[in-house]
Amino acid sequence: MLSYAEYKTLGGTLEEAAYERVSFGVLAEIDRCTFGRVSKLAPLPEAVKRLIVELCAIAAPYSTDTDDAYRQHKVQLIYSYLSGVCTADGTPLLYRGVDA
């Protein structure tokens, strides 16, 4: 998890209580796209930290995930930030189990 202090250092603008609420959903979404790989990483790669800050900024105004354009933008950001980022054993975070 990205601490609130790290979040602020990377340019985050939410108050701490809002960050705690929003970041929970953001991390859950990132974990869905990475099949739980991000939650197992320590320390978090820089790309993941910056992605969390970016997603918190766009997620904060929404109380639900019903806006299609918002959902699509969120997934695009996840794939943009995490493309090519790997775990310590070399598995790409976005790997879906099929080799070319």
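The axes of helix 2 (residues 16–33) and helix 3 (residues 46–59) come within 9 Å and cross at roughly 115°, where axes are lines fitted to C-alpha atoms over the stretch in contact and angles run from 0 to 180 degrees between N-to-C directions. The model is a predicted one, in which local features need pLDDT of at least 70 and side-chain atom pairs count only at pLDDT 80 or more, while totals for chains, interfaces and linings use all residues. Residues are numbered from 1 along each chain as its sequence is written, and side-chain values use heavy atoms, with hydrogens and water left out. Helices are DSSP runs (H or I, at least four residues), numbered from the N terminus.

The crossing of helix 2 and helix 3 is right-handed, that is, the near helix is turned clockwise from the far one by less than a right angle. Helix 2 contributes Tyr19, Val22, Ser23, Val26, Leu27 and Ile30 to the contact, and helix 3 contributes Leu51, Ile52, Leu55, Cys56 and Ala59, contact meaning heavy atoms within 4.5 Å. By class, this contact has 10 nonpolar, one polar and no charged residues (Ala, Val, Leu, Ile, Met, Phe, Trp, Tyr, Cys and Pro count as nonpolar, Asp, Glu, Lys and Arg as charged, and the others, Gly among them, as polar).

Within helix 3, the buried residues are Val48, Lys49, Leu51, Ile52, Val53, Leu55, Cys56, Ile58 and Ala59, where buried means under 20% relative accessible area and exposed over 50%, with a 1.4 Å probe and protein chains only. These buried residues of helix 3 pack against helix 1 (4–9), helix 2 and helix 4.

Helix 4 (residues 68–82) has 15 residues, which at 1.5 Å a residue should span 21 Å, and its end C-alpha atoms are 21 Å apart, in agreement with that value; the expected span is 1.5 Å times one less than the number of residues. Tyr70, Lys74, Leu77, Ile78 and Leu82 of helix 4 are buried. Because they cover an arc of only 105° around the axis, they lie on the same side of helix 4, the arc being that of the directions from the helix axis to the C-beta atoms. On the other side of helix 4, Asp68, Ala69, Gln72 and Ser80 are exposed. What covers the buried residues of helix 4 includes helix 2 and helix 3. Helix 4 is followed by Gly84, whose phi is positive, near 90°.

Thr34 lies in the loop between helix 2 and helix 3, and it counts as buried because its relative accessibility is 0%. Leaving aside residues up to four places away in sequence, Thr34 touches Leu82, Leu93 and Leu94.

Methods. Helix = DSSP H or I, 4+ residues; strand = E, 2+ residues; numbered from the N terminus.
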